[in-house]
Amino acid sequence: AFLKEAVIDFLTENSEEATEKISFSDVPGHVMKDLLVAVSRREKGKQKERNQDENNFTTMRVSELRMQLTKERLDVDGSR
């Protein structure tokens, strides 16, 4: 999960170069959804500093989800 998240973050940070050099024609739909979530997360980053929503699990990073589970004293099994 961390590697996938790191790749997605890299693609969103370098989106212009990625769109020029990478073919996305064979990318599975679930990966496209993950890319959109990452873009949304970046856009909402500014809003998060002003108004943090601790229950928006859809756009949380893996590490944030794990912290929430620990905070609630729930088990973390390593999957998202």
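The following dialogue works through how features of this predicted model are assigned.

Student: What should be kept in mind about the numbering and the model?

Tutor: Residues are numbered from 1 along each chain as its sequence is written, and side-chain values use heavy atoms, with hydrogens and water left out. The model is predicted, so local features need pLDDT of at least 70 and side-chain atom pairs count only at pLDDT 80 or more, while totals for chains, interfaces and linings use all residues.

Student: What makes the pattern of the protein α-α-α-α?

Tutor: Helices (H or I, at least four residues) and strands (E, at least two) are DSSP runs, numbered from the N terminus. The protein has four helices and zero strands, and reading along the sequence gives α-α-α-α.

Student: How do you know that the span of helix 1 agrees with its number of residues?

Tutor: The expected span is 1.5 Å times one less than the number of residues. For the 12 residues of helix 1 (residues 2-13) that gives 16 Å, and the end C-alpha atoms are 16 Å apart, so the two agree.

Student: Why is Gln 68 called buried?

Tutor: Buried means under 20% relative accessible area, exposed over 50%, and partly exposed in between (1.4 Å probe, protein chains only). Gln 68 has 18% relative accessibility, so it counts as buried. Gln 68 sits in helix 4 (residues 62-71). Across the protein, buried residues make up 20% of the 80 residues.

Student: How do you know that the buried residues of helix 4 are on the same side?

Tutor: The buried residues are Val 62, Glu 64, Leu 65 and Gln 68. They cover an arc of only 165° around the axis, which puts them on the same side of helix 4; the arc is that of the directions from the helix axis to the C-beta atoms. Met 67 and Thr 70, on the other side, are exposed.

Student: Which residues of helix 1 are buried, and why are they said to line one face?

Tutor: They are Glu 5, Ile 8, Asp 9, Leu 11 and Thr 12. Seen down the axis of helix 1, they fall within an arc of 160°, so they line one face. Leu 3, Phe 10 and Glu 13 are exposed on the other side.

Student: What makes a set of residues a nonpolar core?

Tutor: The set must consist of buried Ala, Val, Leu, Ile, Met, Phe, Trp, Tyr and Cys residues joined through side-chain atoms within 4.5 Å. The largest such core here has five residues: Ile 8, Leu 11, Ala 18, Leu 35 and Ala 38. Helix 1 and helix 3 (29-50) each supply at least two residues of this core.

Student: Why is the pair Lys 4 and Asp 34 called a salt bridge?

Tutor: A salt bridge is a side-chain nitrogen of Lys or Arg within 4 Å of a carboxyl oxygen of Asp or Glu. The N to O distance between Lys 4 and Asp 34 is 2.6 Å, so the pair qualifies. Lys 4 lies in helix 1 and Asp 34 in helix 3, so the pair ties together parts that are 30 residues apart in sequence. Lys 4, at 40% relative accessibility, counts as partly exposed, and so does Asp 34, at 21%.

Student: How many salt bridges does a search of the whole structure find?

Tutor: Two. Lys 21 and Glu 17 also form one, at 3.2 Å, N to O. Both lie in helix 2 (residues 15-21), four residues apart, about one turn of the helix.

Student: Why is Arg 73 called exposed?

Tutor: Its relative accessible area is 78%, so Arg 73 counts as exposed. Arg 73 is in the segment after helix 4, and its phi is positive, near 60°. Most residues other than glycine have a negative phi.
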